[in-house]
Structure formats: C-alpha cells, structure tokens
Amino acid sequence: MAIKEPQRANVRGQTASLTPHPPPERIVQPIFMARSPRRALRLRSLLTGLGAPGGLARTLVGAVAGIIGVALVTLTIGVVTTITHVENLSLIYLLVVIWLAVSFGRGPAILASFLSFLAYDFFFVPPLHRFTVDDPAQWISLFALLATALVLGQLTASVQAHAHESRTSQQRMARLYALAQVVASSTDEEHLLEALVQQVVQVFASSGVAATVLFLPDAKRQLVPRALAPTEGAALDALSLTGREQSAMASYALQHGAPVGINVASRQPHAPGEQSVYYFPLWSGHRVIGVLGIAGEPETRRLVTRLPTLPAVSSLAAVPQPSIDPQAELFAAFCGQIALAVDRIALREQAIHAEGLREGERLKQVLLTSVTHDLRTPLASIKAATTSLLEPGMTWRVEDCHEFIESIDASVDRLSHLVRNVLDLSRLESGAAAPQKDWYLIGDVIDTALRQLEQAGQCKGRQVVVDVPESLPLVPLDHDQIERVLMNLLENALKYSPPESVVQVQARVVGAPPELEVRVIDQGIGISADELELIFGKFYRGRQAPPTWPSADATVGTGLGLAICASIIQAHNGHLWAESRPGQGTTLIFSLPVPADRPQGALPEVAL
Amino acid sequence: MQQDEQRAINAPEQPAAEDAAPTSARGTGGVRVLVIDDEPEIRRAVRTGLAGANFVVEWAPTGAQGMDLVARWHPDVVILDLALPDMDGVEVCRQLRSWSPVPIIVLSVRAGDQDKITALELGADDYLTKPFSMAELIARVRVALRHAAQSSGGSRNDAQFQTGGLALDFERRRVTVDGAEVRLTPTEYEVLKYLALNAGKVVTHRTLLRAVWGPHYEDEGHYLRVFVGQLRRKIEPDPSRPRYLLTEPGIGYRLQLIG
C-alpha cells in the first residue's frame with residue numbers, strides 16, 4: 001500500500017483554503033452541496049446565456065452558428081421572393097431559432113431572434129435596406145416575429161435544458177446506484193475501500209481526476225493510506241504524504257474539516273504542465289473520519305466548488321465558474337458514500353469487538369457454571385472420604401480405608417486436571433501465554449507428554465505406539481504448550497477408545513513448504529462428520545453415546561481440552577483438525593510450520 | 001554418616017514453633033530434612049510423609065528462618081519452596097549456596113517456571129513441581145543424600161555405574177547395554193559419564209553444555225537435543241520412549257536410576 005516517494009512537487013501557488021473555518025455543520029453544506037442558491041443562478045444564466053451546460057465555448061460557437069443560420073435564411077427568403085410572393089415567409093427564421101435553442105441553448109437563440117428581426121426588417125420590409133418601417137402594420141408583423149422567436153427559443157431551450165438535466169441526473173443516479181451497490185455488496189473491507197476509490201477515478205476521469213487515495217486516521221490520529229487507485233503512477237505519487245506540503249494539507253483537512261489543495265508542476269516528461277492535488281475531508285455526522293486525496297489535471301478544482309478561485313491555470317478555467325457543476329455535486333455524493341462505507345466498516349469492527357466482549361462474558365458464565373460443578377464434585381467426595389476416616393469411634397477395615405484414600409486420590413487428580421485446564425485457558429484467552437518458542441525435536445515432546453500421563457496413571461494397561469522417524473528436524477515450539485496439546489489429544493484418545501485397543505502417535509514432515517504433522521490415532525467410538533468442527537469449541541462434549549467400557553467414567557472431561565489445543569496450535573501458526581469414521585476411531589492431527597532457517601548444524605566432537 | 005556426632009554436639013535448642021517435628025523421630029540420629037515452605041498443610045503432609053520414611057523433619061515458614069535453621073540445625077537436605085512470603089526462593093538458594101553445600105530440592109508450582117532453572121543453575125540439586133507424590137519426593141531426597149555423601153566423602157570408589165541394563169565402566173571407558181558393548185564417540189561418552197556421575201539428578205542444558213563443550217556452547221541447547229537424540233539411539237532399547245536418559249522439559253536431562 002506504500003506510495004512511492006513523490007516526485008518533488010514544485011509548488012507554484014499556495015492555494016490552500018486557509019480561511020477561518022465555520023463550525024462543521026456550516027462547512028459541510030457549502031463543500032458538498034451546491035454552493036449558492038439555485039434560483040439566483042437560474043436567473044443569471046437566463047440573462048447571460050452562460051449557464052447552459054457546456055459553458056462559454058459552446059455559447060460562442062452557437063452565436064456564430066446563429067449568424068450563419070440567419071444569413072442563410074435571409075438568403076433563402078430573398079431567393080424565394082424574387083420568384084413568387086409568399087405571406088409570412090419570416091416564419092422560416094423560427095426554424096433557426098429552434099435549432100439553436102436545441103443545440104446551443106438560450107443565448108444563441110436570443111441572438112438569432114434579434115438578428116432575424118433586424119435582417120427581415122433590413123432586407124424585406126419597405127423601405128428596403130433600411131431599418132425604418134413605413135407601414136405601421138409591418139411593425140406589428142416584425143414585433144410578432146421577434147416575440148415569437150424569443151418565446152419559442154426560450155421554451156425550446158428550457159425543455160432541452162430539462163431534458164439534459166434529467167439525462168445527467170439519471171446518469172448521476174446510475175453512478176451513485178452503482179457505488180451504493182459496491183458498498184452494499186462488499187463484505188471484505190479492504191476490497192470495498194479499493195473498489196470505492198477505483199469508482200472515483202473511473203467516474204471523475206472526465207473531470208481530470210487521475211489518482212485517488214483514501215487516507216484514514218490510525219489510533220494516533222495519523223493519516224495512513226488505506227486504499228488507492230490506480231496502483232501506481234506519477235499522479236498517485238503526488239498524493240503521497242511523504243511530501244511535506246502534502247502531509248501538512250492532509251492533516252489540515254482532517255483537523256479542520258476543510259478541503260485544501262495546491263497546483264504542482266508535473267514532472268512527467270511526456271505530459272508537462274500542471275497537476276492539482278487536493279485533500280477532502282470525509283464527514284460523518286460531526287466528525288471528520290478520513291481524508292480523500294485526488295490528483296489530476298487542474299480542472300479537478302471544479303469538483304470543490306467551495307474553494308476560492310485558484311490562480312489562473314488556463315484562460316478559460318480561470319473565469320470563476322458560478323455554476324453548480326453537476327460533477328461537483330456527484331463528487332460530493334461520492335464522498336458521502338465513501339464516508340458511509342468507512343463508517344460502516346468502523347461499526348462492523350466495533351460490533352466484532354463487542355461480540356468478542358459478549359463472547360468473553362458468556363465464556364465467564366459458562367466457565368463459572370461448569371467449574372462450580374466440576375469443583376464441587378471432587379471436593380464433595382474428598383470431604384466424604386476424609387470425614388468418614390476421621391469419624392471418632394469408627395474403626396474401618398483396611399480395605400475400606402484404601403477405598404476412601406483411592407477416592408481422595410482420584411478426586412485430587414480430577415481437581416488438579418481441571419485447575420490446570422482453567423488456568424491454561426484463562427492464560428491463553430488473555431493473551432498472556434504467547435508461546436515461548438525454542439527449537440525442539442517433537443519426539444522429546446511426545447515422550448514427556450506420555451511420561452506425564454503415565455505418572456498420572458492414565459495409560460494404565462494401555463498400549464501406546466510411538467512412531468517418530470529419526471530424521472525429523474528441529475521445530476520452533478513452546479515445549480510446555482505443545483506438551484499440553486499432546487497430553488490433551490492423548491487423554492482424549494485414551495478416554496474415547498476401548499481399553500484393549502491401541503493408541504498411535506505418528507510424526508511426519510509433509511508437503512512444501514514443509515510442515516510437521518503429528519497424528520494421534522485411536523480406534524474408539526469416533527466422531528460424526530457434523531461434529532468434527534464443533535469439538536474444538538469450548539465446553540463442547542461429544543453427542544455420542546457415552547463409552548460402554550467399564551473404565552470409561554473414571555475421567556470426566558471439562559470440555560476445555562480441545563479448545564485449549566486449538567488456541568495453542570493457532571498461536572504456533574499451525575493447524576489442528578480431526579478425521580473420523582464413527583465406530584472406527586478418530587485421528588486428531590496438528591501441523592506446525594518447519595521454517596527453512598532452522599538450525600542445521602551440530603555440536604562438535606570435543607578433544608579429550 | 002560420620003557427621004552425626006558433630007550434629008549431636010550442635011543440637012538446636014528449640015528448632016521451630018508449635019508443630020515442630022514429632023518428638024518420637026527426634027534425636028534418633030536419622031537423616032535431617034528441613035522444609036522451608038509457608039503453607040501449613042504442605043508442611044504437615046510433607047513432614048508426616050518424610051517422618052514415615054524415617055527422616056527427621058524440621059520446618060521454617062520464611063526464607064530467613066530457614067537459613068537460620070540451616071546454620072544452627074545442620075540439615076542433610078533442604079526442601080525449598082520458591083514462593084516464600086519474605087524473600088524470593090531463588091535468593092535463598094543463592095545465599096545458602098554461598099556458605100553451605102547442603103543439597104537443596106526446590107518446589108515450584110509451574111512447569112515452565114524460569115525461577116526453577118535459575119535455582120538449578122545457582123546450585124539447587126533438584127526440583128519438583130507441585131502437586132507431587134510423596135514417593136517422588138522421598139526418592140529425590142534419597143538421590144540428593146547419595147550425591148552429597150559422594151561429593152563430601154570424596155570416596156567415590158565406584159569405577160562402575162549401573163542403572164537398569166545400562167552400565168558404565170569409568171576406568172575402561174566402556175558402555176554396555178544389557179551386556180552388549182555400545183560404541184560411543186568420545187563426546188557421547190563424556191555426556192553419558194557426566195549424567196551418570198549426577199545420576200538421578202536433573203542436569204540443566206547449560207550445565208551439561210558447559211561441562212562437556214565449554215562455556216562458549218552454553219546457549220546451544222537445541223543442538224544438544226539433537227545430540228542426545230543420537231546418544232539415545234545407541235543406548236536406549238526404544239529411543240522414542242527412553243528409559244535411561246530422560247528429558248526434563250525446558251530444563252535439561254536426568255539419567256534415571258533404575259533398580
């Protein structure tokens with residue numbers, strides 16, 4: 001996402017809007033809505049003829065066309081009158097006026113109306129070749145022509161203007177709709193932001209926009225680029241905040257909520273000239289939530305109608321444009337949409353955070369309920385055994401004493417197991433248990449895990465087959481944590497398989513890039529396919545009918561073991577999954593990355 | 001125990017507080033064990049258990065009182081909890097080691113406790129993670145006593161070492177497993193010998209690396225794991241489930257005493 005070092009911008013005119021800024025509400029309006037009341041503008045454009053879409057150039061062309069048109073009609077009438085006499089031939093002028101109104105707007109139509117009036121008077125109303133009129137009746141006829149031409153021209157022009165307006169507003173709607181579609185349909189935030197800035201470049205390319213970058217503030221209110229379009233180019237470089245002016249302008253836009261921009265000399269050899277760089281604040285409610293930077297030809301300035309006039313960049317554009325540029329309006333709407341999208345992303349992040357908190361709360365509740373039950377049960381049996389043994393006046397047989405003591409021993413193991421799991425989980429959940437990795441051989445870890453289980457009496461009478469090749473590499477892992485994973489997986493395997501069956505532990509290096517895959521395989525009751533994912537959730541206990549062999553109820557799970565494993569393996573950038581066929585057994589597999597930079601040397605032989 | 005007479009002379013006036021060691025076991029000339037732990041129930045259980053194995057047990061609830069008792073009562077073994085109310089157990093270990101060679105077995109609550117390793121590096125002889133079984137504790141006390149007797153008596157006349165089917169002949173530098181000779185490289189032999197001389201005790205990675213390869217290799221724990229893996233393939237009947245050369249996770253190795 002890094003923007004390349006910007007081309008050294010040659011600042012020619014500092015045009016930043018450094019006007020004192022009104023409160024946000026007032027600023028939003030002028031920047032992103034039309035900048036002055038519509039009606040006044042309409043009136044003015046009616047009078048000057050400059051308000052028609054297309055501007056001055058089009059009006060000038062229209063004027064020329066009007067002169068030629070009127071001349072042609074005059075010639076035509078002159079030719080016709082030499083042949084025959086036709087009443088009201090002056091009506092032909094109206095055709096020119098209508099054509100001009102349709103093609104060039106009001107101004108040329110008005111011009112043509114007056115020209116027609118004068119030409120008809122001059123060439124066809126006696127006395128000929130003079131502007132005076134003998135017959136008062138001719139006056140009426142002449143003014144009727146003028147009035148008709150004027151009214152017809154204005155009516156036609158305004159119908160045309162309406163049609164044009166509705167066409168452009170339809171286009172605008174279509175573009176906004178397309179943008180809204182992008183916002184609504186996107187689920188991936190980075191992709192959404194990219195799509196939005198791409199839309200800006202596409203839609204406003206005609207207004208001279210060459211590059212767009214969306215900057216959002218980070219936790220320290222520093223602006224960082226979050227999306228950009230296109231992905232490279234000189235225009236993009238001109239926006240980079242590594243430039244001092246650019247950085248200052250962007251933070252100004254963020255802090256003061258006002259757009260700023262400058263013209264810089266483009267250093268592209270094939271496209272000499274000027275480039276404009278602008279930073280627009282994105283408003284959401286009362287806050288500026290980001291800054292949209294655009295760079296392109298100097299006419300991009302038109303998109304920010306509130307900016308004071310810039311130093312002349314070209315003779316035509318230098319004339320202050322009082323019109324409401326529909327592109328500027330569209331741009332404002334785009335900014336609104338982008339702000340909405342950014343807001344939506346922020347809300348979604350908050351929602352995820354809140355969901356995490358709720359999940360944490362729920363976890364605490366479940367933990368409390370579960371732990372309370374799991375704590376009380378062994379405590380109750382210990383208390384029962386000890387109070388029996390301590391009961392004054394009771395003499396127990398040696399076998400009974402043994403029975404009590406064994407019950408105490410089993411309960412203590414259970415408590416100890418529970419406490420260990422709960423502590424592990426809380427450490428992992430709080431993030432306090434980042435893996436302390438070192439380079440280990442998985443064989444050592446498997447061995448120590450099995451030894452612990454043996455010491456706890458959990459492998460009693462069971463056959464556990466370890467299959468670890470000699471050639472396995474050193475792998476970075478937290479010995480304690482991976483040992484805990486293996487113990488949990490082995491405990492599960494032992495618990496959910498019949499006592500006479502074999503539990504296998506296999507380790508292999510597979511795939512490219514290489515991964516260490518450790519499999520714990522049992523021949524037990526298995527897990528149905530729909531449960532394969534669920535078993536890694538907290539407090540999940542299998543829906544399978546409980547095992548039927550006699551030793552099965554000796555160990556009662558907390559439903560935390562696999563959740564702990566999943567957290568640990570995730571913290572090791574590995575994967576943990578299960579494969580199973582009900583009735584035939586379960587294989588739990590975890591994989592750990594085998595980095596290429598692992599130590600591959602050896603200790604030297606020592607001289608004696 | 002040639003030091004017993006000396007102890008009798010310096011017998012403590014009044015070792016500790018209310019629930020001192022059972023008088024029945026006192027003064028019988030048994031082996032003395034000092035427990036430094038502030039948890040009354042742990043002390044009670046440990047005392048009862050050790051007394052049952054014919055040890056004379058004394059206790060101290062704080063590090064300072066514990067060190068005081070080591071000076072006055074001359075225990076044969078100290079059992080030291082690393083979590084004490086008045087001072088860090090590691091500090092007690094460091095101070096004790098500066099003036100007393102008494103074997104120290106540290107107790108800690110967490111498996112991956114860095115303090116434990118520090119204590120071992122500072123000269124503690126062994127460690128146990130709570131909760132532990134009484135049998136384990138008694139076995140560790142006995143190993144510690146044996147090593148203390150060897151090093152202080154200076155009379156290690158054993159030219160042989162044997163654990164289970166693994167035997168070392170120090171004079172001839174010969175290693176046999178179940179009677180069959182095993183060919184080890186000189187370095188492998190040195191590692192095994194060092195572990196055999198400390199048999200039953202945990203030896204930290206750094207200690208072993210320093211002893212065999214020298215101080216420059218102290219941080220090469222990962223290569224030591226590979227090395228030990230090779231050694232196991234020569235001396236263990238099933239290298240994936242070692243019987244003799246056990247891994248103490250995160251700490252080091254222990255050559256298990258069998259039989």
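This is a predicted model: local features need pLDDT of at least 70, side-chain atom pairs count only at pLDDT 80 or more; totals for chains, interfaces and linings use all residues.
Me: What percentage of chain A is buried?
Reply: Chain A has 608 residues, and 35% of them are buried.

Me: What about the buried residues of chain B?
Reply: There, 39% of the 259 residues count as buried.

Me: Which contacts in chain A join residues at least 24 apart, as a percentage?
Reply: Take the contacts in chain A between residues at least 6 apart in sequence. Of these, 69% join residues at least 24 apart. In chain B, contacts with a separation of 6 or more include 59% between residues 24 or more positions apart.

Me: New topic. How many residues of chain A are in contact with chain B?
Reply: 23 residues of chain A are in contact with 26 residues of chain B.

Me: Which elements of chain A give two or more residues to that side?
Reply: They are β7 (438-440), α12 (442-455) and α13 (479-495) of chain A. The largest share comes from α12(A), with four residues.

Me: What classes do the residues on that side of chain A divide into?
Reply: On the side of chain A that touches chain B, 11 are nonpolar, five polar and seven charged.

Me: Let's do helix packing. How is a packed pair described?
Reply: By the angle between the two axes and the distance between them.

Me: OK, α4 and α6 of chain A. Where do they stand on that?
Reply: Helix α4 (residues 92-104) and helix α6 (residues 136-185) of chain A have axes that come within 8 Å and cross at roughly 25°. Angles under 35 degrees count as roughly parallel, so α4(A) and α6(A) are roughly parallel to each other.

Me: Is that crossing left-handed or right-handed?
Reply: The crossing of α4(A) and α6(A) is right-handed.

Me: Which residues meet there?
Reply: From α4(A), they include Tyr93(A), Leu94(A) and Val97(A). From α6(A), they include Leu145(A), Thr148(A) and Ala149(A). By class, the contact has 10 nonpolar, four polar and no charged residues.

Me: Now α4 and α5 of chain B. What angle do they cross at?
Reply: Roughly 0°, with the axes of α4 (residues 89-99) and α5 (residues 114-121) of chain B coming within 9 Å. Therefore α4(B) and α5(B) are roughly parallel to each other.

Me: Which residues make the contact?
Reply: Gly89(B), Val90(B) and Cys93(B) belong to α4(B), and Asp115(B), Thr118(B) and Ala119(B) to α5(B). The contact has three nonpolar, two polar and one charged residues.

Key
Residues are numbered from 1 along each chain as its sequence is written. Chains are lettered from A and ligands numbered from 1 in the order in which they are written. Axes are lines fitted to C-alpha atoms, for helices over the stretch in contact, and angles run from 0 to 180 degrees between N-to-C directions. Angles under 35 degrees count as roughly parallel, over 145 as roughly antiparallel, 65 to 115 as roughly perpendicular and the rest as oblique. Two residues are in contact if their C-beta atoms, placed from the backbone, lie within 7 Å. Ala, Val, Leu, Ile, Met, Phe, Trp, Tyr, Cys and Pro count as nonpolar, Asp, Glu, Lys and Arg as charged, and the others, Gly among them, as polar. A residue is buried if 20 or more other C-beta atoms lie within 10 Å of its own, exposed if 12 or fewer, and partly exposed in between; C-beta atoms are placed from the backbone. A crossing is left-handed if the near helix is turned anticlockwise from the far one by less than a right angle, and right-handed if clockwise.
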